[in-house]
Amino acid sequence: MINKNPIVRIVILALILIAAGWAVYQSAIKDKQTIEEGTAAPNFMLPLLGGGSMQLENLRGQGVVLNFWGTWCDPCRKEMPALDQVHNKYKDRDVQVLAVNIGESDVTVSRFVEQYQLSFPVLMDKQSEITALYEIGPIPTTFFIDGEGVVRRIVIGGPMSEQTIEQYIQEILPE
Amino acid sequence: MTTVDDIKCECGHTNPVGTLLCEACGNPLQKEDGEEFPDMRYDGVSRRSQTFSRTIVDKIWNFFSSVRVAIILIIIVLLASIIGTIFPQEMYISGPAEQVYPEKYGIAGEIYYKLGFHNLYTSWWYITLLLMIGTSLVICSLDRVVPLYRALKKLPVKRHLSFMKGQKVYTSVSLSQDKEPVLDQLQRSLSKKGFRVVREGYSLVGEKGRFSRWGPYINHIGLILVIVAVLMRLIPGFYLDEFVWVKEGETRKVTGTEYYVKNVEFKEEYYDPEDVPEGVDVEGRVVKNYQTDAILYENRAADTPGAPPDLVEVHRDQIRVNHPLKYKDLLLYQSGRRLNEVTALNIDLIHLEREEVIGPFTLDLYHPESEIKVSEDTTVRVLEYFTDFEWTEDNEPRSKSPDPNNPAFVVSVISPETPAGERSWIFLGSTLSSPDGEPVYGFAFTKPEIADVTGLMVRKEKSLPFIYFGSGVVMLGLVMGFYWQHRRIWINFEGEEIQIAAHTNKNWYGLRREVQQILQSIDVERSIEQLSKGGK
């Protein structure tokens, strides 16, 4: 007695389809970045060059320009003066520029900061932990984070000009 | 449930539509005169995919139940997998893919990139193909195993003469003796050979090894389990594949986890040259053991990434090749090493004129101090540190990476004699004094600090037990199918004649030998050739 009722087969096919769809969906989103424009910037804490430490969460209410860099990276170096200009211009308007150095020694970084006369805080990511957390590929990579702690823009590569940085800051400027 | 489509056999049994051989007597139901006896592969049962093709469900079902479709899918996946190895996948190249492929591999590379082959194994269509193979595996199996199970479950004793004659092993013997003792003797012979015998009137059937018919399906269930287990890797937290380099004495975060690992000591041990067998041509020493003595810590302050870790020792182990550190579901494998890496330079500061050693100092290549006191009144100040030194095109010193591959320091020696500081370059093994004036101080290198760096592969593989289990099921199915055969022998007395037919799914020679021996027990001689009508 072959059962001509298709319900059993429909159920089997549907189960397979659901499983297959789930697998394709999972693998398709797997490669995607978990931090993107519109998602919350993960909190972290890092030591500051020259002592002390800083936690991102404590900057709620301020816009944050989070720049990942290294002294060995040419575009990063070229971008630094522009970041410094912007920092001086906006520090009284609740926008904080933070530069996260990737895995270098204090001596190397402090000489660089002196040479470029940088006035914004430099965070030392010695074990590249935050670099991994923020899924940094090529540097410089800059995150523009608003007062709510939401990433508004991600700029991969550089150097950005002062105008470009300012333009993006408008998106994260607290009211 | 009887429907109009069902087929009634001349023996009176009602068979489902699509049946080739009557379930009760084995009479071919759809055979026209002169046609070949139907294939015995699935015992002539009605298979859904061969019977219906009206609705969309039927059509999808039939597509996936075809072995030919399965083979075509497998060939497509094979070809795609081959294509994926022509150039490296995106994860194995450095730099932006849209530039690297055309630059490195020319026009072919550009086409490769444009077609998306740089991420082939994770592409939606590749995964879809794999899942279609999985689907086909399930449906092919169901389409065959369900009716086959039903057909084999009943073991009709008396079969239609055309069924008997249709078998690849068939013979008949004229008999003049009493039937009963012959039948008894045949039953005994069959039982002795391990057949399960059923007797009904003047008919006998012997069967053994039916379970081997389920081998292929159990094998398929195993394969499906393996596919499901591999897909479980997609569940967050089920799978991790990372790598960390840890210097001796250093404690490092284990990438992708909340653990830290300390490399207490790395050992590379060699075989005694005398232990190497003579005639074995080896260059240099032969490594016996690579080992990292490691301590694993859990970070209690992992809630805030980057916060100073609050480490608690949780495990201690010696990691050797193929003997990973295991803690909960974390595995650390020994899988790389860099020996004798210079981690710090030890230097004696020398007063050149007095030819006197002022004192030793150390320049750490990873975390150099900015001021080092060498003696009461002499200080070495580190002005610059380039980890991977090179000159730029504009003759500017710079570092080309954060790794201390080619360290270069600019130091200044401050003493009562040189209150403004005397500058010098210190490289790996050489120094360069500032060009103006006679230098007061010189540098002599002593033995540098060296450490071995161990490379640990970080793995989490929660689906591994499921993969092993699935593989075990695959093996069970294969063994069942390979080493046993399903043999059936039908014996029927019709008047003065004994008809003997036999069927197996493989090893026809073995079956014929058994038929031959059973006939010998009633003093009937048949050669293997006489029992061969076909079958391999």
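Mentor: Let's start with A:Pro140, which sits in the loop between helix 4 and strand 6 of chain A; helices (H or I, at least four residues) and strands (E, at least two) are DSSP runs, numbered from the N terminus. This is a predicted model, where local features need pLDDT of at least 70, side-chain atom pairs count only at pLDDT 80 or more, and totals for chains, interfaces and linings use all residues. Residues are numbered from 1 along each chain as its sequence is written, while chains are lettered from A and ligands numbered from 1 in the order in which they are written.

Trainee: What makes the peptide bond between A:Ile139 and A:Pro140 cis?
Mentor: Its omega, which is about 0°.

Trainee: Why is A:Asp94 called partly exposed?
Mentor: A residue is buried if 20 or more other C-beta atoms lie within 10 Å of its own, exposed if 12 or fewer, and partly exposed in between, with C-beta atoms placed from the backbone. A:Asp94 has 16 such atoms, so it is partly exposed. This residue lies in the loop between helix 2 and strand 4 of chain A, and has a positive phi of about 60° although it is not a glycine.

Trainee: And why is B:Asn340 called exposed?
Mentor: B:Asn340 has 10 other C-beta atoms within 10 Å, and therefore counts as exposed. B:Asn340 belongs to strand 12 (residues 330–351) of chain B, and its phi, near 50°, is positive in a residue other than glycine.
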